[in-house]
Structures are given as structure tokens and as C-alpha cells.
Amino acid sequence: MRHLLLPAHRQASPPTALALSHGASSGPQIPALPMAARTQAWQFAAALVFFHGSEYVLAAAFHGHRNVTATSLLISKQYVLAMSFAMLEHLTEGYLFPELKGYQFVSNIGLLMVLVGEIIRKIAVVTAGRAFTHVIRIHYEDQHQLITHGVYRFMRHPGYLGFLLWAVGTQLMLCNPVSTVAFALVLWRFFSKRIPYEEFFLRQFFGDQYEEYAQNVHSGLPFIK
């Protein structure tokens with residue numbers, strides 16, 4: 001009598017192992033932020049730390065530590081909201097539209113604007129010395145003097161120009177299209193109101209001397225005389 005050899009059945013995998021294997025392969029995975037976007041974010045963080053830290057250090061050097069407050073860091077609620085929105089835009093676009101962060105040429109232009117703006121502003125602060133303050137003075141004080149030499153020969157408000165270039169440059173560096181336009185418009189509007197207000201008191205302090213200076217030297221900001 002012949003014996004029939006039946007094919008051996010392959011050992012079935014335990015149901016739990018199959019379930020675990022299936023779950024591991026099909027679970028949701030968060031995409032990694034593109035390398036370009038991560039580099040831009042680190043550059044943005046470095047720009048923020050250096051700008052605000054150096055503003056505080058220079059204010060303390062010229063006015064003394066006791067006369068310097070947290071306002072010398074130039075950080076307000078509106079500023080924090082603006083920078084938070086900028087970072088949120090950067091992260092959102094980095095995940096959803098990573099190709100937007102790949103325009104290295106645009107990012108490099110922004111980095112250049114950050115550096116140039118930083119240099120112009122710090123030259124303005126050092127040139128003015130004790131005459132430079134973060135808060136508009138509405139009362140004349142002994143240390144007040146009209147600075148018309150150095151970078152102030154070419155523009156009346158180099159510090160404002162430097163900050164405008166720096167702030168808009170940070171958004172170009174991040175390749176943030178929305179924040180770039182928003183920062184440019186909001187800051188221009190802010191300075192278009194601040195400069196006439198500040199210069200009202202400067203005319204009160206220095207009279208015809210400032211009037212002649214204002215007629216011969218541009219404000220330094222586009223479309224603001």
C-alpha cells in the first residue's frame with residue numbers, strides 16, 4: 001500500500017504579530033522639515049538673539065546699567081506676536097509647501113539685508129552715543145545734542161532704516177512671502193507716523209538748526225521725507 005505524502009503547511013504567523021506589523025507600517029508619519037527650512041530657522045534665531053542682545057549691551061554701555069530697562073531689548077507684545085506668526089508661517093509652509101523654502105537665492109538676499117541692516121543700525125547707535133535712546137524724549141535734557149556727522153550726514157534716521165532692512169530681511173531669509181509683505185507694510189506705516197512725531201520735539205529742542213538739517217538731509221526711509 002502506497003503512502004501519500006501530504007505537503008507540509010507553512011506555520012502561520014500569530015495574529016498579534018500580524019497586527020503589530022500592519023500597524024507599524026501603516027501608522028501616520030510626520031514628514032521631516034526640509035534641510036533648507038531648518039537652516040533658515042537657525043539663522044533666524046541667531047539674528048534675533050544677536051540683534052536684541054547687542055541693543056541691550058549698547059544701551060547699557062552708553063546710559064549705564066541702572067538706567068536701562070527691559071524696553072532696551074525692543075520686545076513688545078505686538079513684536080512677539082509678529083515674530084510668532086512669522087515662525088508659524090515658516091513651519092507651515094515648510095511642511096505643506098517645502099518647495100517655497102528651496103529658493104536659496106532669495107534666502108541669501110534676506111541674509112544680506114539682515115547683515116546690512118544690523119551694521120547700519122549699530123553704526124547709528126555708536127555714532128549718536130548717549131544721544132541715542134529707544135524711547136522718544138519729549139523733554140530736553142543736558143545730554144541732548146543734534147548729531148549731524150558720520151552716517152547722519154546721509155540720512156536723519158539711519159537707525160530706523162537699519163531696523164527696517166533687518167526685520168524685512170529676516171522674513172526674506174525665511175522665504176516667508178506673507179510675512180515679508182506684512183512686515184514691510186506695517187513697519188513703513190509705523191515709521192511714517194513715528195518720524196513726524198519725533199521730529200516735532202526735535203524742532204522744539206533745536207529750532208532752526210534742525211529745520212535746516214531736515215531740509216538738506218533725507219529721512220533715510222523710502223517715501224518718507
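Reader: Leaving aside neighbours within four places in sequence, with which residues is Ala-59 in contact?

Author: Ala-59 belongs to helix H2; helices (H or I, at least four residues) and strands (E, at least two) are DSSP runs, numbered from the N terminus. Contact means heavy atoms within 4.5 Å. With neighbours up to four places away in sequence set aside, the partners of Ala-59 are Gly-64, Val-68, Ser-72 and His-134.

Reader: At which pLDDT do side-chain atom pairs count in this model?

Author: Residues are numbered from 1 along each chain as its sequence is written, and side-chain values use heavy atoms, with hydrogens and water left out. The model is a predicted one, in which totals for chains, interfaces and linings use all residues, local features need pLDDT of at least 70, and side-chain atom pairs count only at pLDDT 80 or more.

Reader: Is Ala-59 buried or exposed?

Author: Buried means under 20% relative accessible area, exposed over 50%, and partly exposed in between, with a 1.4 Å probe and protein chains only. Because the relative accessibility of Ala-59 is 8%, this residue counts as buried.

Reader: How many helices does the chain have, and how many strands?

Author: From the N terminus on, the elements run α-α-α-α-α-α-α. The secondary structure therefore comes to seven helices and zero strands.

Reader: What percentage of contacts in the chain between residues at least 6 apart in sequence join residues at least 24 apart?

Author: Gly-117 and Leu-165 illustrate such a pair, for they are 48 residues apart along the chain while their C-alpha atoms are separated by 4.8 Å, and they touch. For the chain, the share of contacts joining residues at least 24 apart, among those between residues at least 6 apart, is 79%.

Reader: Which residues does Gly-117 touch, not counting those up to four places away in sequence?

Author: Gly-117 is part of helix H4 (residues 104-128). Its relative accessibility is 0%, so Gly-117 counts as buried. Beyond its sequence neighbours up to four places away, Gly-117 touches Gly-162, Leu-165 and Trp-166.

Reader: Which residues does Ser-107 touch, again not counting those up to four places away in sequence?

Author: Ser-107 is likewise placed in helix H4. At 1% relative accessibility, Ser-107 is buried. With the same exclusion, Ser-107 touches Gln-40, Gln-43, Leu-172, Met-173 and Cys-175.

Reader: Are H2 and H5 roughly parallel or roughly antiparallel?

Author: Axes are lines fitted to C-alpha atoms, for helices over the stretch in contact, and angles run from 0 to 180 degrees between N-to-C directions. Helix H2 (residues 35-63) packs on H5 at about 160 degrees, with the axes 9 Å apart. Angles under 35 degrees count as roughly parallel, over 145 as roughly antiparallel, 65 to 115 as roughly perpendicular and the rest as oblique. H2 and H5 are therefore roughly antiparallel.

Reader: How do the residues of the contact of H2 with H5 divide into nonpolar, polar and charged?

Author: Among the H2 residues that meet H5 are Phe-44, Leu-48 and Phe-51, and the H5 side includes Phe-163 and Trp-166. Ala, Val, Leu, Ile, Met, Phe, Trp, Tyr, Cys and Pro count as nonpolar, Asp, Glu, Lys and Arg as charged, and the others, Gly among them, as polar. The residues of this contact divide into seven nonpolar, five polar and no charged.

Reader: Are H3 and H5 roughly parallel or roughly antiparallel?

Author: The axes of helix H3 (residues 77-96) and helix H5 (residues 158-173) come within 10 Å and cross at roughly 30 degrees. In this contact, Tyr-79, Met-83 and Ala-86 of H3 meet Phe-163, Trp-166 and Gln-171 of H5. The crossing angle makes the two helices roughly parallel.

Reader: How is H6 set against H7, parallel or oblique?

Author: H6 and H7 pack with their axes 6 Å apart and at an angle of about 130 degrees. Glu-199, Leu-202, Arg-203 and Phe-206 of H6 meet Asp-208, Gln-209, Tyr-210, Glu-211 and Ala-214 of H7. The angle makes the arrangement of H6 and H7 oblique.

Reader: What is the phi of Cys-175?

Author: Most residues other than glycine have a negative phi. Cys-175 lies in the loop between H5 and helix H6 (177-206) and, with a relative accessible area of 6%, is buried. Although Cys-175 is not a glycine, its phi is positive, at about 55 degrees.

Reader: Is Phe-223 buried or exposed?

Author: Phe-223 lies in the segment after helix H7 (208-216), and its phi is also positive, near 65 degrees. Because its relative accessible area is 80%, Phe-223 is exposed.
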